[in-house]
Amino acid sequence: MKLPDNENLTAVREKILPVLKKYRAVLAILLAGVLLLSSGHSGNTEQVQTASADTTVSQSFDLNDFQQELQARLAAISGAGRVELMLSLDQTEESVYAVNTRQTSGSDSRSRESDVSVVSNGSCGETPVTVKRVLPVFRGAVVLCDGADDASVRLSVTQAVSTVCGIGADKVTVLKMQSDT
């Protein structure tokens with residue numbers, strides 16, 4: 001068997017080396033994927049599913065804070081004056097957690113086992129792996145403001161609440177606030 005020339009190897013290396021350097025991150029990810037796939041056990045398969053549960057994380061949605069911030073923004077609308085806001089929710093916030101499911105096929109039976117995926121926080125304990133967070137869905141809004149007798153103010157307030165809350169203008173009611181006198 002004849003060995004290739006040293007010049008041919010050098011020419012091939014000069015062509016391939018820049019490509020390998022340019023795509024080294026992609027190649028590393030592909031290699032890691034191949035290693036993960038090849039390390040699987042026969043008879044056991046793992047799947048990731050999602051389970052829905054109420055949120056208990058500290059970054060949860062707070063309706064009162066949201067109302068206060070929106071109320072302050074609405075009060076800044078020209079001609080609105082004092083503003084009071086009440087929002088109603090159709091659905092509260094929830095988190096979707098990652099779930100590990102293992103299926104084992106034996107000669108006699110099949111078994112299925114599921115558990116929520118967790119990440120260790122060191123000495124603080126474990127936290128579930130959140131796949132996504134579903135924000136609350138608003139049902140409607142009632143806005144009381146001093147300037148509600150002006151149609152342009154009512155329209156501006158309605159459009160602002162409708163846009164921020166993701167509800168139709170027909171779900172927003174803007175009323176004149178009672179005077180303190």
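**Salt bridges in the predicted model**

Guide: In this predicted model, among contacts between residues at least 6 apart in sequence, 70% join residues at least 24 apart, and a search of the whole structure finds four salt bridges. An α-helix has 3.6 residues a turn, so residues three or four places apart point the same way. E69 counts as partly exposed, at 49% relative accessibility, while R73, at 57%, counts as exposed.

Another salt bridge brings together the side chains of R139 and D90, at 3.5 Å from N to O. This pair links distant parts of the chain, with R139 in strand 8 (residues 137–145) and D90 in strand 2 (residues 83–91), 49 residues apart. R139 is partly exposed at 47% relative accessibility, whereas D90 is exposed at 51%, the cut-off for exposed being over 50%.

K176 and D149 also meet through their side chains in a salt bridge, with 4.0 Å from N to O. Here too the pair links distant parts of the chain, since K176 belongs to strand 9 (residues 172–176) and D149 to the loop between strand 8 and helix 4 (151–165), 27 residues apart. K176 has a relative accessible area of 46% and is partly exposed, and D149, with 57%, is exposed.

Conventions:
Residues are numbered from 1 along each chain as its sequence is written. This is a predicted model: local features need pLDDT of at least 70, side-chain atom pairs count only at pLDDT 80 or more; totals for chains, interfaces and linings use all residues. Side-chain values use heavy atoms; hydrogens and water are left out. Contact means heavy atoms within 4.5 Å. Buried means under 20% relative accessible area, exposed over 50%, partly exposed in between (1.4 Å probe, protein chains only). Helices (H or I, at least four residues) and strands (E, at least two) are DSSP runs, numbered from the N terminus.
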